Amino acid sequence: MPRYRLRINEGVLSVESDADKPLLYVLRGLGLTATKFGCGLGQCGACTVLADGTAVQSCQMTVADAQDKSITTLEGLGTAAKPHPLQAAFIAHQVPQCGYCTSGMIMSAAALLEKNRKPSESEIRSALELNLCRCGSHTRVVSAVMAASGQRG
Ligand code: FES
Ligand code: FES
């Protein structure tokens, strides 16, 4: 089986894997379980991570395609002691209900804020349109992203 060198959360990891294995499975196998398996079909956004700063669905990216990119998961965004502004805002706005979608929501929002520091509500909704929440937390998500970008949420 081939071996791949992956740059994940500023570290370099080597994994043995079939070339077409989804990055999602590799991440979870490495213990990075913040990234969730929802549908496995590119339809829910629960598996969203950053690849070179762009939000991607890790169930749709192979390990072979990931090896040249810098991958960031929720674990690489912030810590409990030093949360990313989005993580702090999601906590302050009590966004999660079951929490299954939350990691993917935050990663999509992080990609948005990297490109657009003060997005409008409609820009936030558009950036998060591929992230589904079965618990209906979308309104709180938008408020939290507004707050994290220094706007009234
Ligand atoms: S698990 Fe990847 S989009 Fe649903
Ligand atoms: S909080 Fe339950 S799926 Fe979003």
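Which residues does V141 touch, not counting residues up to four places away in sequence?

1. V141 touches F90, V95, M105 and L128, where touching means heavy atoms within 4.5 Å. Keep in mind that this is a predicted model: local features need pLDDT of at least 70, side-chain atom pairs count only at pLDDT 80 or more, and totals for chains, interfaces and linings use all residues. Residues are numbered from 1 along each chain as its sequence is written, chains are lettered from A and ligands numbered from 1 in the order written, and side-chain values use heavy atoms, leaving out hydrogens and water.

2. V141 also sits in the largest nonpolar core, which has 25 residues; there L86, F90, I124, V141 and V145 touch the most other members. (Such a core is a set of buried Ala, Val, Leu, Ile, Met, Phe, Trp, Tyr and Cys residues joined through side-chain atoms within 4.5 Å; buried means under 20% relative accessible area, with a 1.4 Å probe and protein chains only.) At least two residues each come from α3 (74-77), α4 (85-92), α5 (102-115) and α7 (138-148), helices being DSSP runs of H or I, at least four residues long, numbered from the N terminus. α5 gives the largest share, 8 residues.

3. Apart from this core lies another, of 15 residues, including L6, L23, A51 and M61.

4. Now for α4 and α7: they pack at about 135°, axes 8 Å apart (lines fitted to C-alpha atoms over the stretch in contact, with angles from 0 to 180 degrees between N-to-C directions).

5. P85, L86, A89 and F90 of α4 meet V141, A144, V145, A147 and A148 of α7.

Technical notes: Buried < 20%, exposed > 50% of the residue type's maximum accessible area, 1.4 Å probe, protein only.
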